[in-house]
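Morning, everyone. I have one structure to walk through today, so let me put it up.

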Amino acid sequence: MAKRDYYEVLGVSKSASPEEIKKAYRKKAIQFHPDKNPGDKTAEENFKEAAEAYEVLSNPEKRQRYDQFGHSGLGGGQGGFSGHDMSMDDIFSMFGDIFGGGFGGFGGFGSGGGRTHRRTNRGSNLRVKASLTLKEIAHGTEKKIKVKKYVTCDSCHGSGAKGSDGYSNCSTCHGSGQVTRISNTFLGQMQTTSTCPTCGGEGQIITHKCDKCHGEGIVRGEEVINIKIPAGVAEGMQLSVSGKGNAARRGGVPGDLLVLINEVKHPELIRDENDLIYNLYLSFPDLALGTTSEIPTVDNKVKVKVDAGTQPEKILRLRGKGLPDLNGYGKGDLLVRIHVWVPKKLSNDEKKQLEKLQESDNFSAKNAASEDRNFFDKVKDMF
């Protein structure tokens with residue numbers, strides 16, 4: 001199913017300020033919060049969809065790419081954050097701070113029962129470059145990239161503890177990851193909730209650390225990642241592959257892999273957005289008599305007829321022989337720009353032949369001025 005427009009999901013305009021986006025997301029999250037809609041799968045999906053939209057639109061860099069290229073600019077047609085694929089606790093961990101303590105850190109409603117919030121660690125993002133040829137850009141491609149990064153420890157499976165009894169609930173927060181303090185003020189009693197200072201918000205204390213990762217839950221390693229790159233990408237564009245960055249400490253949410261597009265220059269074709277330009281150099285006899293030339297395209301070569309009397313700097317347009325638009329709005333053209341090649345040195349016989357041609361009125365440059373006047377006279381007659 002196609003993704004909905006993120007601005008439509010949050011109910012804001014494309015010119016909305018960061019504060020308006022934050023306010024709209026808070027409203028949607030409260031409306032569809034699972035504690036308010038127990039057992040309602042539709043509400044849960046709406047909740048995740050709103051979180052996905054907010055993750056993109058609250059990030060200036062991702063928002064800019066989304067505004068320019070749509071969902072395709074965030075990684076092969078998928079959003080930079082796969083909200084539908086993440087657990088509710090992951091979403092609470094990433095965005096719970098915008099609600100403040102008054103909302104219980106995504107705790108319950110009313111008297112505050114139900115869900116407790118533990119801090120979930122998040123891995124850092126990684127950035128890699130992907131070098132693409134024009135042919136790969138024209139058709140889209142898949143790249144396998146070996147990335148050195150932090151991976152989940154295979155000994156403790158990311159928990160950081162040695163064995164199933166290697167950790168216990170924090171005695172300070174009793175496993176919730178938060179501590180609540182009540183203070184008396186002149187306005188009455190005030191309740192504040194903050195991260196537990198003993199366990200750092202994780203809710204658990206490791207009593208026996210894993211020998212391999214020393215309690216971190218992650219180790220240095222590498223992974224071969226298959227990256228799908230859509231057709232029509234451009235130099236400097238950045239795609240996001242969700243969850244393929246560094247693994248997080250102790251079973252947290254992994255970071256993203258950011259793929260920076262590097263366009264390999266074609267030896268003959270020049271890119272101008274979705275159009276391609278080819279400079280065709282012909283001799284004066286070729287232009288005067290007409291000829292057929294072989295022109296390179298992204299995939300192969302095609303023959304182009306150059307009519308007799310073609311003037312230098314004329315552009316021949318081969319429609320649909322350019323690059324596809326990233327958002328599917330057709331293809332660009334291949335523009336063949338005609339240039340005349342003038343030899344720098346001539347033999348005595350060549351000079352004599354050209355001097356003889358110079359005497360002919362047909363080779364006089366005055367004819368060019370005359371043709372220009374005739375053209376403008378025809379335009380005047382039209383009006």
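The protein chain has nine helices and 15 strands. Keep in mind that this is a predicted model. The chain runs to 383 residues, and buried residues make up 38% of them. Now the contacts. Take those between residues at least 6 apart in sequence: 67% of them join residues at least 24 apart.

Let's go to the aromatics. How many aromatic pairs does the structure hold? Three. Start with Y6 and Y66. Their ring centres are 4.8 Å apart and the planes meet at 35 degrees, so this pair is tilted. Tilted here covers the range between stacked, under 30 degrees, and edge-to-face, over 60. Where do the two residues sit? Y6 is in helix α1, residues 6–10, and Y66 is in helix α4, residues 60–69. The pair therefore ties together parts that are 60 residues apart in sequence.

Are these two tyrosines buried or exposed? Y6 is buried, at a relative accessible area of 2%. Y66 is buried as well, at 5% relative accessibility.

Y66 has another partner, Y7. The ring centres of Y7 and Y66 lie 6.2 Å apart, with planes at 40 degrees, so that pair is tilted too. Y7 belongs to helix α1 and Y66 to helix α4, so here the parts tied together are 59 residues apart in sequence. Y7 is buried, with a relative accessible area of 2%.

One more ring to show you. What sits over the ring of Y150? The charged end of R220, 4.8 Å from the ring centre.

Back to the helices for a moment. F47 is in helix α3, residues 41–57. Its relative accessible area is 0%, so F47 counts as buried; the cut-off is under 20%. F47 and H33 are 14 residues apart along the chain, and their C-alpha atoms are separated by 6.3 Å.

Next, a sheet. This one is open, with four strands in the order β10-β11-β15-β14 and mixed pairing. Which strands are at the edges? β10, residues 270–272, and β14, residues 315–318; each of them pairs on one side only. On average, neighbouring strands in this sheet are turned by 30 degrees against each other, direction ignored.

β10 pairs with β11, residues 275–283, in the antiparallel sense, over three bridges. Across that pairing, D272 stands opposite D275 in β11. As a reminder, strands of a sheet pair through backbone hydrogen bonds, either parallel or antiparallel.

Last stop, the backbone. Most residues other than glycine have a negative phi. Two histidines here have a positive value. H157 has a phi near 60 degrees. H157 lies in the loop between β2, residues 141–152, and β3, residues 167–169. Buried or exposed? H157 is exposed, with a relative accessible area of 66%.

Then H174. Phi is near 60 degrees for H174, again a positive value in a residue other than glycine. Which loop holds H174? The one between β3 and β4, where β4 covers residues 178–185. H174 is exposed, at 64% relative accessible area.

That's the tour. Over to you for questions.

Terms used. Residues numbered from 1 in each chain as written. Predicted model: local features only at pLDDT ≥ 70, side-chain atom pairs only at ≥ 80, totals over all residues. Heavy atoms only, no water. Pairing = 2+ DSSP bridges. Axes fitted to C-alpha atoms, helices over the stretch in contact; angles between N-to-C directions. Phe/Tyr/Trp six-rings, centres within 6.5 Å; stacked < 30°, edge-to-face > 60°. Buried < 20%, exposed > 50% of the residue type's maximum accessible area, 1.4 Å probe, protein only. Lys NZ or Arg CZ within 6 Å of the ring centre and 35° of its normal. Contact = heavy atoms within 4.5 Å.
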